[in-house]
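Please look over the model before reading on.

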Amino acid sequence: MEHKNYDFGLVGLGVMGRNFILNVADNNFKAYGYDLDQEKVDALKTEGGNLEKVDASSDITTFINALSAPRKIMLLVPAGKIVDQVIESLLPHLDQGDIIIDGGNSFFTDTDRREAYLKEKGINFFGAGVSGGAEGARKGPSIMPGGDAEAYTHIKPIFEAVAAKFKGEPCVAHLGPKSAGNYVKMVHNGIEYGMMQLTSEIYDLLKKSLGLSNDELHQIFDRWNKDRLQSFLVEITAEIFAQKDDLGDGDLVDMILDKAKQKGTGKWTSQNAMDLGIPVPTIDVAVSMREISALKEERIVADKLYSRPEPQEIDKDKLIAMAEKSLYFSFIAAYAQGLHQLADASKEYEYDLDMSVIAKIWRAGCIIRSGLLDAISEAYITDKSLPNLLLAPAFVPKVQETMASVRETVAYAAMSGIPVPGLSASLNYFEAYTSSHLPLNLIQAQRDNFGSHTYERIDREGIFHTEWGK
C-alpha cells in the first residue's frame, strides 16, 4: 500500500497526461498517475526513470491511497461522457474537501452541471483549460482554472510551478467561479481558429499571386515573427515551410491534403456568441472554412465549372508589406472579438472575469500567445470596463496605420479570385463597428412592413408601427 504522501494525482496517461505529470514532478511535487491501460502506466514509469517524485498504477484504490489530503486529482481524458464516467469511478473513494480538476476541453455548461453535482457531495470541482499541446504540457502550458476560490489555494502552488512563465510571471490565474476557466479556454480556441485561418489566407495570397517558393515564405514569416507579428502561430508557420517531406521529395506542406478537421471548440465559441448577441465574424468564418474544406470532392467539381481570373500583377515588395499589415490588423480584430465575447459572458454568467489577467496568462505557453498580448493587457488595466479593444486609445493608431493596406489587400484578392474570407470578415467587422450609421433602418422598415414588428425613430421616443403602402 502506498503512503498518502503524493501531492498531485492525474487520471489519463496519454501523451498530454504523461507530459503534464512529469512536469509536476520536475517542479518538486510528488505526482501519482492512474490509467486503466497498464502499457501507459509502464510508459510513465519508464520515462520517469528513477524519479522518486512520480509513480503510477492501473489500480484505482492504490492510486487514491497514494494521495495526500485534500486529494488533488486532475483528469486529462477526452471531453464528454468519459469525464462523467471517471468522476463516478472516483467518487466512492473520495472524502469531503477533495478536489477534481477537469483539464480537457469540456463544454462550459457540462462543467457547471458537474460542479453543482459534486458540490452537493462536498467535493470541489474545477474546469481548467490547458493550452500549449503536448510540448506545453511538458515544458509549461497556459492554464485557465475556474472554480471555488478557497479550494484553489490548494492547487495554486502546483499550477504556478508547472505553468509557462512570461518574464517570471506564471501563465495561470484563478479566473472565476464555476465554468469560468472552461469558458475562457473555449474562447481562446475560437480566437485560435480565427488566427489560423487568417495566417493560411495570407500564405495562399502570397503563394498564388507572387508564386513564392516555400523557402521564400519561410523567410518572410520568420522575419515577421521577429517584429510586431511575433507569435507562436507565425513562428510555427515559418517552421512548417522549411520542413522537408521524409516520405518523398520536396516540402511536406505541399503534400498535406487541404481538409482541416476540428474538435468543436471553435464552433462552440461561435454558437455561444450568437446566443449572447456578440459579433465574432472572424471566428464564424474560420469555422465555416473548415467545413468548406471538408467538401473536397465538390470543390474539385466546382473548380472545373467556373472560370477564375489570373492574379493581377503587383509589385512583390508592396504586396508582402500589405500582407504584413493585413495579418497584424486581423490578429487584433480576432482578439477584439474574442475578448468582447468574454466581457459579455462574464456579466451573463457572473464570472467576474478580469480581461487584463486573461491577456497576461496568454502571453506564454498557449497557442495564441503573441507580442500583442502585453499591450492588450495594458489596455484593460487602463480601462477595466473597456467594451472592445478597438476603443482602446493605445490601439487606435496601431489599427489606423494598417487600414489602407487592408482595404487594398482585400480588393486585390477579390479582383484576383483568391478567397480571403477571414480577412474580409475582419475588415467588414471593423467597417461596421466603426460606423455611426448602418443601413439597418431599412431592415427595421422591412420587418415592420411584412410582420408589424414595429420600429424606433431618431427624432422622438417611443415604439412605432406604420400601415405601409396605405
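How many cavities of 30 Å³ or more does the structure hold? The structure holds one. This is a predicted model, in which local features need pLDDT of at least 70, side-chain atom pairs count only at pLDDT 80 or more, and totals for chains, interfaces and linings use all residues. Residues are numbered from 1 along each chain as its sequence is written, and side-chain values use heavy atoms, with hydrogens and water left out.

**The cavity**

Rolling a probe the size of a water molecule over the atoms shows where empty space is left. Here a cavity is a set of points, on a 1 Å grid over the protein atoms alone, where a 1.4 Å probe fits but cannot get out. Its volume is the space filled by probe spheres set on the points, which are joined across faces, edges and corners.

The largest cavity has a volume of about 30 Å³. Its lining residues (those with an atom within 4 Å of a point) are N105, S106, N182, K185, M186, N189, T265 and W268. Two elements, α8 and α11 (265–276), each give two or more residues to this lining. The largest share, four residues, comes from α8. By class, the lining has two nonpolar, five polar and one charged residues. Nonpolar means Ala, Val, Leu, Ile, Met, Phe, Trp, Tyr, Cys and Pro; charged means Asp, Glu, Lys and Arg; the others, Gly among them, are polar.

**Helix packing**

Helices are DSSP runs (H or I, at least four residues), as are strands (E, at least two), numbered from the N terminus. Axes are lines fitted to C-alpha atoms, for helices over the stretch in contact, and angles run from 0 to 180 degrees between N-to-C directions.

| Helix pair | Crossing angle | Axis distance |
|---|---|---|
| α8 (180–210) and α12 (281–293) | about 70° | 8 Å apart |
| α14 (316–348) and α18 (403–415) | roughly 110° | within 8 Å |
| α4 (81–90) and α5 (108–119) | roughly 10° | within 12 Å |

Angles under 35 degrees count as roughly parallel, over 145 as roughly antiparallel, 65 to 115 as roughly perpendicular and the rest as oblique.

α8 and α12 are therefore roughly perpendicular. Their crossing is left-handed: the near helix is turned anticlockwise from the far one by less than a right angle, while clockwise would be right-handed. Contact means heavy atoms within 4.5 Å. On the α8 side it is made by G190, I191, Y193, G194, M196, Q197 and L198, and on the α12 side by T282, I283, A286, V287, M289 and R290. These residues divide into eight nonpolar, four polar and one charged.

The angle in the table makes α14 roughly perpendicular to α18. From α14, K318, L319, M322, A323, K325, S326 and F329 meet M403, S405, V406, E408, T409 and Y412 of α18. This contact has seven nonpolar, three polar and three charged residues.

α4 and α5 are roughly parallel. α4 passes α5 in a right-handed crossing. V83, D84, I87 and E88 of α4 meet R113, R114, Y117 and L118 of α5. That contact holds four nonpolar, no polar and four charged residues.

**Backbone**

Most residues other than glycine have a negative phi, and most peptide bonds are trans. Which peptide bond is cis, with omega near -10°? The bond is that from A69 to P70. P70 lies in the loop between α3 (60–65) and β4 (72–75). N28, a residue other than glycine, has a positive phi, near 70°. N28 sits in the loop between α1 (15–26) and β2 (31–34).

Conventions
On a 1 Å grid over the protein atoms alone, a cavity is a set of points where a 1.4 Å probe fits but cannot get out, and a pocket is an open set with protein on both sides within 12 Å along at least five of seven lines; lining residues have an atom within 4 Å of a point.
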